[in-house]
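Subject: Handover of a two-chain structure

Dear colleague,

Please find the structure below for your records. My findings follow directly after it.

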Amino acid sequence: MNDNTHIDHKSHGYGVYVLIWFALMALTGITVAVAGINFGALTIATALVIASVKTYLVLTVFMHLRSETMVFKIFILVALFFLIISFILLFTDYSFIVRN
Amino acid sequence: MSSSEHTISHVHRDDVASRMGMWLFLFTELLLFGGMFILYSVYRYNNPEAFHLAAKELNTIIGTFNTMILLTSSLTMALSITAIQRNNKSLSIFFQMMTVILALGFMVNKYFEWGAKFHHGIYPGSDQLLSKPAGEILFFGLYYVMTGLHGLHVLIGICLILLMIYYTAKEVITQDNYMKLESAGLYWHLVDIIWIFLFPLFYLIT
């Protein structure tokens, strides 16, 4: 085998994907069920936390991040970090403008 | 070693770089949608009541159903890659076709959902929408732009996966060389992730 054509992906079994799919479906059910209950300010936080858990499952299993090298994981963490920074900076700036 | 042998044994291919390139592209998509999510959060922060009222007009059942369809299509896409890894060409094609069918189902639902809104006179620029409070106009503006852009991504994804079915059938995508399918899969899962956030933010505001 040629050294630059190797595929270093481990093959995941079919079962793992089906299991993750069940988890994603269950989480969708929970989001819809919880949306009916009024937690006040926590309602949107709950929805976002569940969405983040679902995203984590899709990223690690469906998008094979768990079998990728460290470089990929750092890559994605840096991207997410800057996305979150842009959100935080915008909101601090925005609330400052609103207050004045 | 003759030169022809050289070209045959050293066709340049770098699977890690292909995947990394795809991830880089996905980051640009993240910024595209990220900007819209920022816009959404600022407007929602300013108009909590109007967003709440406007979101009541959306059909939660269709939204939930579409979420389930999209999650399932992500599953079939992932399964098609496992199938090709195990050299099961026909099973891989079957799963890719399932993905396309589910994606089309998503778009059909979207068509009926948007169609019902249009029927009730709620579409960008309509008199009925413009007579609503500013916050609700913003909500529907964001709703049409964000789900519309997401729908466009679904359509592009359908074309990509159809191309992958063709490549798999022609054995361009094989057990030893399936990075095209892997990249199409990464794109498809990103479309799924965006919907995972769009769904509670538009359909489940209480």
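Which residues of α5(B) are buried? They are B:Ser92, B:Phe95, B:Gln96, B:Thr99, B:Val100, B:Leu102, B:Ala103 and B:Phe106. Here a residue counts as buried if 20 or more other C-beta atoms lie within 10 Å of its own, as exposed if 12 or fewer do, and as partly exposed in between, with C-beta atoms placed from the backbone. Helices (H or I, at least four residues) and strands (E, at least two) are DSSP runs numbered from the N terminus.

Basis of the model

This is a predicted model, in which local features need pLDDT of at least 70 and side-chain atom pairs count only at pLDDT 80 or more, while totals for chains, interfaces and linings use all residues. Residues are numbered from 1 along each chain as its sequence is written, and chains are lettered from A and ligands numbered from 1 in the order in which they are written. The model scores ipTM 0.89 and pTM 0.90. For chain B the average pLDDT (the predictor's confidence in each residue, from 0 to 100) is 92, and 95% of its residues score at least 70.

Helix α5 of chain B

The 31 residues of α5(B) should span 45 Å at 1.5 Å a residue, and the end C-alpha atoms are 45 Å apart, which agrees. The expected span is 1.5 Å times one less than the number of residues in the helix. The buried residues of α5(B) pack against α4, α7 and α8 of chain B. Contact in this message requires that the C-beta atoms of two residues, placed from the backbone, lie within 7 Å. With neighbours within four places in sequence left aside, B:Ile161 is in contact with B:Gln96, B:Thr99, B:Val100, B:Ala184 and B:Trp188. Just after α5(B), B:Gly121 has a positive phi of about 80°. In the loop between α4 and α5 of chain B lies B:Asn87, whose phi is positive at about 65° although the residue is not a glycine. B:Asn87 counts as exposed, with 11 C-beta neighbours inside 10 Å.

Chain A comprises 3 helices and 0 strands, and its pattern along the sequence is α-α-α. Of its 100 residues, 15% are buried. Helix α2 of chain A (residues 42-62) has 21 residues and reaches 29 Å from its first C-alpha to its last, close to the 30 Å expected. Its buried residues are A:Ala47, A:Ala51, A:Lys54, A:Val58, A:Val61 and A:Phe62. They cover an arc of only 115° around the axis, which puts them on the same side of α2(A); the arc is that of the directions from the helix axis to the C-beta atoms. On the other side of α2(A), the exposed residues are A:Leu42, A:Ala45, A:Val49, A:Ser52 and A:Tyr56. The buried residues of α2(A) pack against α1 (14-35) of chain A, and also against α4 (60-85) and α8 (179-203) of chain B.

A:Thr46, in helix α2 of chain A, is partly exposed, with 17 other C-beta atoms within 10 Å. Neighbours within four places in sequence aside, A:Thr46 is in contact with A:Val34 and A:Phe39. A:His64 belongs to the loop between α2 and α3 of chain A and is buried, with 21 other C-beta atoms within 10 Å. The phi of A:His64 is near 60°, a positive value in a residue other than glycine.

Where the chains meet

In total, 35 residues of chain A are in contact with 34 residues of chain B. On the side of chain A that touches chain B, two or more residues come from each of α1, α2 and α3 (70-99) of chain A. The largest share, 10 residues, is that of α1(A). By type, this side of chain A divides into 22 nonpolar, 12 polar and 1 charged. Nonpolar covers Ala, Val, Leu, Ile, Met, Phe, Trp, Tyr, Cys and Pro, charged covers Asp, Glu, Lys and Arg, and polar covers the others, Gly among them.

The largest nonpolar core has 60 residues. Such a core is a set of buried Ala, Val, Leu, Ile, Met, Phe, Trp, Tyr and Cys residues joined through C-beta atoms within 7 Å. Among the residues that touch the most other members are A:Tyr17, B:Ile161 and B:Trp195. The most residues in this core, 15, come from α8(B).

Yours sincerely
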